[in-house]
Amino acid sequence: MSDRQQELHDLTLAFLDEVEEGPSEMLLAALAKVEFQPFSLALGEPGGFPDSARAKVAWVGLIGDLGPLSRLQRSVRDTAGPWAPQMDLKPFHPHITIGRSGLQYGLKLPFPSSHPSANWRVSEFRLMQNIRRNQRMEH
């Protein structure tokens with residue numbers, strides 16, 4: 001998978017919303033200090049939001065070492081909190097976003113009931129910036 005393809009398939013640990021440029025340097029320094037032990041994840045069941053029949057967002061759930069993943073997510077959210085007062089605090093549901101529809105009514109996605117699973121080792125995380133252009137998000 002190319003670097004660009006990997007960027008399009010993201011696992012969001014925390015959606016920080018708006019972070020000003022000056023504080024973002026302090027945020028980066030704080031996040032660089034977040035420590036965790038590497039862990040393994042694999043693809044689970046696919047789904048869509050608001051539902052898989054008319055998905056605006058297509059995703060695949062995750063299985064594997066979800067305890068360490070949840071601890072990393074809490075650490076990232078707790079660390080980023082002082083710099084991201086508008087952070088989304090919805091409950092964490094581990095998934096990889098695999099596609100988005102710009103259509104008003106979404107996409108009808110044929111999700112298979114079984115699929116080959118991919119396993120990988122998580123040993124780092126990155127801060128990504130999303131920019132909305134022409135009603136689409138770019139990383």
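1. Helices (H or I, at least four residues) and strands (E, at least two) are taken as DSSP runs and numbered from the N terminus. The expected span of a helix is 1.5 Å times one less than its number of residues. Helix 3, residues 66–80, has 15 residues and reaches 21 Å from its first C-alpha to its last, close to the 21 Å expected at 1.5 Å a residue.

2. This is a predicted model, in which local features need pLDDT of at least 70 and side-chain atom pairs count only at pLDDT 80 or more, while totals for chains, interfaces and linings use all residues. Residues are numbered from 1 along each chain as its sequence is written, and side-chain values use heavy atoms, with hydrogens and water left out.

3. The chain has three helices and six strands. From the N terminus on, the order of the elements is α-α-β-β-α-β-β-β-β. Buried residues (under 20% relative accessible area; exposed is over 50%, partly exposed in between; 1.4 Å probe, protein chains only) make up 24% of the 139 residues. Taking contact as heavy atoms within 4.5 Å, residues 24 or more positions apart account for 74% of the contacts in the chain with a separation of 6 or more.

4. Back to helix 3: its buried residues include Leu-69, Leu-72, Gln-73, Val-76 and Ala-80. These lie on the same side of helix 3 because they cover an arc of only 100 degrees around the axis, the arc being that of the directions from the helix axis to the C-beta atoms.

5. A nonpolar core is a set of buried Ala, Val, Leu, Ile, Met, Phe, Trp, Tyr and Cys residues joined through side-chain atoms within 4.5 Å. The largest one has 17 residues, of which Leu-13, Leu-16, Phe-39, Leu-41, Leu-69 and Leu-72 touch the most other members. At least two residues each come from helix 2, strand 1 and helix 3. Helix 3 gives the most, with four residues.

6. Two residues illustrate the packing. Leaving aside neighbours within four places in sequence, Leu-16 is in contact with Leu-27, Ala-80, Ala-84, Gln-86, Met-87 and Leu-127. Phe-92 sits in the loop between helix 3 and strand 3 (95–100). Not counting residues up to four places away in sequence, Phe-92 touches Thr-12, Leu-13, Leu-69, Ser-70 and Gln-73. Phe-92 and Thr-12 are 80 residues apart in sequence, yet 9.0 Å apart in space, C-alpha to C-alpha.

7. Rings of Phe, Tyr and Trp (its six-membered ring) pair if their centres lie within 6.5 Å; planes under 30 degrees apart count as stacked, over 60 as edge-to-face and the rest as tilted. The structure holds two aromatic pairs. Phe-36 and Phe-125 form a tilted one, at 6.2 Å centre to centre and 40 degrees between the planes. This pair links distant parts of the chain, 89 residues apart: Phe-36 is in the loop between helix 2 (21–32) and strand 1 (39–49), and Phe-125 in the loop between strand 4 (119–122) and strand 5 (131–133). Phe-125 counts as partly exposed because its relative accessibility is 25%. Phe-36, Phe-39 and Phe-125 form one aromatic cluster.

8. A salt bridge is a side-chain nitrogen of Lys or Arg within 4 Å of a carboxyl oxygen of Asp or Glu. A search of the whole structure finds two. Asp-88 pairs with Lys-90, the closest N and O atoms being 3.6 Å apart; Asp-88 is partly exposed at 29%, and Lys-90 is exposed at 59%. Arg-126 meets Glu-124 at 3.3 Å, N to O. Arg-126 is exposed at 63% relative accessibility, as is Glu-124 at 52%.
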